[in-house]
Amino acid sequence: MIALSIIIPVYNAEQHLERCLTSVVSELTASMEVILIDDGSKDGSLRLCERFAGPQVTVRHHANHGVSYTRNLGIEQARGRCILFVDADDYLVEGWSDIVLRAIALGKQFVAFSRKFLGQSPTAQDLIDRCIGIPSALPIGNTSTPTSKLYEKELLISQGIRFPESVINGEDALFNLQVFNAMRDFACVPEAIYYYRLNYASATHTFNDAFFASNQVYLTQLESILQQSGLAPQQIADDINFCRFTGLYLLLYRISTLDSARKRRDTCRETFCRQDVQADVRQVTVRRAYGLMRSAFVQLAKWRLYSLAVGSMRLLHAVKRRTKKQREGELI
């Protein structure tokens, strides 16, 4: 019986893919399988995947549909009792296999791995708070990403839990929030198995015209999930306000990544002249607890100083980016 299915969606990841696949394949046991799904890559990613194909490594290819579609396909095709997601530009640390097999033996429906769990005893509500990004949440790392986590496949199938394909930002959080609501038990393992590589060319760090509409879908689905979790109405309202605030901050950030000052200025004008965007800005309540710098940028937007907010943000992130490039990524 296969205990673990490792699902790796691949899209234009040729530069880092070999290290990722080597880290995974080098520690496979007889009870594991790897599902590589190329999502319409335009570089040499598919050829590299095919080099690793074998009895325990399945390679599939389809036209580009996005990472959520690709992960969902992997869930359907997985034969393992548990599922582990790995992104193609990241890699697993040496010794990951033993750690994951011990976690599978716990028999839990969900397991998260992070050194930040050391000395902590998080509840399911703590996982939810961190997933949303609530500033006052227990400092246990990022619980919104699907990587560095173990999922019982039966839980996902029986509850119909999938990545929402209509959302381009926050889809991971919505997936995990569904898991947190549905799971009957979980474990938090204070060990790291995953090395996350910073990638400033990823969708998270680039502007997309569909971002605002997608974020409205995210907020609607998020509110529905939070209501199912049994939270008090005021807590739900506070959480939605924070997520609306975060969405506005991310919209400004994505505009700040555009190459030319003229393009940034024109995009600000085109975006913030829309009535639905203006209504969203008016709804946001800026709170000091959300962070000084982020609150300052969003407040500038509320004052309609959009270009100033975007320009200031671009300068700040340029400094941060130089620092982060020096360390390339982080162990999580």
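**View 1. Asp 38 stands opposite His 61 in strand β3.** This close-up comes from a predicted model. Strand β2 covers residues 32-39, and strand β3 covers residues 57-62. The two strands pair in the parallel sense. Six bridges link β2 to β3. In a regular strand the side chains alternate between the two faces of the sheet.

**View 2. A right-handed β-α-β crossover connects β2 to β3.** The chain leaves β2 and passes through helix α2. This helix spans residues 45-51. From α2 the chain goes on to β3.

**View 3. Cys 20 is in no disulfide.** The structure as a whole holds zero disulfides. For Cys 20, the nearest cysteine sulfur belongs to Cys 49 and is 8.9 Å away. A disulfide needs the two sulfur atoms within 2.5 Å. Cys 20 is buried, because its relative accessible area is 0%, and the cut-off for buried is under 20%.

**View 4. The sulfur of Cys 188 is too far from the closest cysteine sulfur for a bond.** That closest sulfur is in Cys 131, 13 Å away. Cys 188 has a relative accessible area of 21%, so the residue counts as partly exposed.

**View 5. Helix α12 covers residues 292-302 and has buried residues.** Which residues of α12 are buried? They are Ser 295, Phe 297, Val 298, Leu 300 and Ala 301. An α-helix has 3.6 residues a turn, so residues three or four places apart point the same way. Arg 304 follows α12. The phi of Arg 304 is positive, near 70°.

How values were computed
Residues numbered from 1 in each chain as written. Predicted model: local features only at pLDDT ≥ 70, side-chain atom pairs only at ≥ 80, totals over all residues. Heavy atoms only, no water. Buried < 20%, exposed > 50% of the residue type's maximum accessible area, 1.4 Å probe, protein only. Pairing = 2+ DSSP bridges. Helix = DSSP H or I, 4+ residues; strand = E, 2+ residues; numbered from the N terminus. Right-handed = clockwise from strand over helix to strand, strands pointing away.
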